[in-house]
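Let's take a walk through a structure together, beginning with the overall fold and ending with a few individual residues. Keep the viewer open as you read.

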Amino acid sequence: MFDWWKSKKPSTKSADQERVGGSHAILEEIRRRVPRYLDDADNGKLIYPACKRALSDLDGDIGSVWDHTRLEAMRYVTMVPSPQFELLTGADRQIEMMNAYLFQRPHDETVIDFTGTATTDFAIAILAGLNWLTHCAQLSGVHPSKQSGTIRNFRRIVTLAHQWWLTEGAGERASQLLDNGEQPPLMFYLIWNDYTQLAKHVAAATVFGSSANRAAKLVALPADLIPRFEAAQDPLELADDAARPR
């Protein structure tokens, strides 16, 4: 995650990025999917939140739980009224957005009120997404060591990214990274990557339980699912693998 800070080592593009492109395309995909997903949940087509599903439920496989948990967290960003998404994706807006996030006092809400100021509203929405993932982690039984300090850890990531953008030539370096198919520390990528990792912990606890080895014996999961899941960086890498009892 910190390759852009520590070295010039290229970061690996996720399956989602390969499929829909960069930050703008991923964001558009999220905005398209969120209303449809919430509508399916409201109409009882899917168990919501995803962390409450069993393997026998529709989309109870680990890839779907991972993907849908991340989508549930990302929905807050799409809820910002009159959103200026360039605050999340535009190189020339990153210091402004990160200043606003670092200035925002943490809250513990997942039902939120917006202020009408875009930077503040995005900061509120990002925190709400982190709180949602903490809520899902508690529901699914994620080990405390993997869910404690969620907001504090993300603040540290943003602080490092903020320092990166303050260095001379940051804009040019960001353009070079994008041209090479890599990720500069845009606020969108910070959110996306952190939410992806936190949602992965939720999916593991939901499907495998407290002991992956025990769950694999009790339920006829594919023999190689656990190592492939552990190696995956994005839920779409498991899209063709419905981990259901056989």
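## Ground rules

This is a predicted model, in which local features need pLDDT of at least 70 and side-chain atom pairs count only at pLDDT 80 or more, while totals for chains, interfaces and linings use all residues. Residues are numbered from 1 along each chain as its sequence is written, and side-chain values use heavy atoms, with hydrogens and water left out.

## The fold as a whole

The protein has 13 helices and zero strands. Helices (H or I, at least four residues) and strands (E, at least two) are DSSP runs, numbered from the N terminus. Along the sequence, the pattern reads α-α-α-α-α-α-α-α-α-α-α-α-α.

Of the 246 residues, 51% count as buried. Here buried means under 20% relative accessible area, exposed means over 50%, and partly exposed lies in between (1.4 Å probe, protein chains only). The protein exposes about 12,100 Å², of which carbon and sulfur atoms supply 49%; such areas come from the Shrake-Rupley method with a 1.4 Å probe, and for residues only the protein chains shown count as cover.

Contact means heavy atoms within 4.5 Å. Among the contacts with a separation of 6 or more, 69% are between residues 24 or more positions apart.

The table sets out the geometry of the pairs. Axes are lines fitted to C-alpha atoms, for helices over the stretch in contact, and angles run from 0 to 180 degrees between N-to-C directions.

| Helix pair | Axis separation | Crossing angle |
|---|---|---|
| Helix 4 (residues 62–78) and helix 11 (residues 187–208) | within 8 Å | roughly 135° |
| Helix 6 (residues 94–103) and helix 7 | 9 Å | about 60° |
| Helix 7 and helix 9 (residues 150–166) | 10 Å | about 140° |

Start with helix 4 and helix 11, whose axes cross at roughly 135°, which makes helix 4 oblique to helix 11. Helix 4 passes helix 11 in a right-handed crossing. A crossing is left-handed if the near helix is turned anticlockwise from the far one by less than a right angle, and right-handed if clockwise. The contact is made up of 15 nonpolar, three polar and two charged residues. In this scheme Ala, Val, Leu, Ile, Met, Phe, Trp, Tyr, Cys and Pro count as nonpolar, Asp, Glu, Lys and Arg as charged, and the others, Gly among them, as polar.

Next come helix 6 and helix 7, packed at about 60°, so helix 6 is oblique to helix 7. Their crossing is right-handed. From helix 6, E96, M97, A100 and Y101 meet T119, F122, A123, I126, L127 and L130 of helix 7. This contact divides into eight nonpolar residues, one polar and one charged.

Helix 7 also packs against helix 9, at about 140°, and that makes helix 7 oblique to helix 9. Helix 7 passes helix 9 in a right-handed crossing. Here I126, L127, L130, N131 and T134 of helix 7 meet T150, I151 and F154 of helix 9. Five nonpolar and three polar residues form the contact, with no charged ones.

## Residues to click on

Is D121 buried or exposed? With 0% relative accessibility, D121 counts as buried. D121 sits in helix 7 (residues 118–140) and, leaving aside neighbours within four places in sequence, is in contact with V80, P81, F114, T115 and G116. The C-alpha atoms of D121 and P83 are 8.7 Å apart, although 38 residues separate them in sequence.

The loop between helix 3 (23–42) and helix 4 holds P49, and the peptide bond from Y48 to P49 is cis, with omega near -5°. A54 is in that loop too; A54 is partly exposed, with a relative accessible area of 35%. Its C-alpha lies 9.7 Å from that of V65, eleven residues away along the chain.

D59, also in the loop between helix 3 and helix 4, has a positive phi, near 55°, in a residue other than glycine. At 22% relative accessibility, D59 counts as partly exposed. S82, in the loop between helix 4 and helix 5 (86–89), has a positive phi of about 45° although it is not a glycine. With 66% relative accessibility, S82 counts as exposed.

Definitions and conventions:
Angles under 35 degrees count as roughly parallel, over 145 as roughly antiparallel, 65 to 115 as roughly perpendicular and the rest as oblique.
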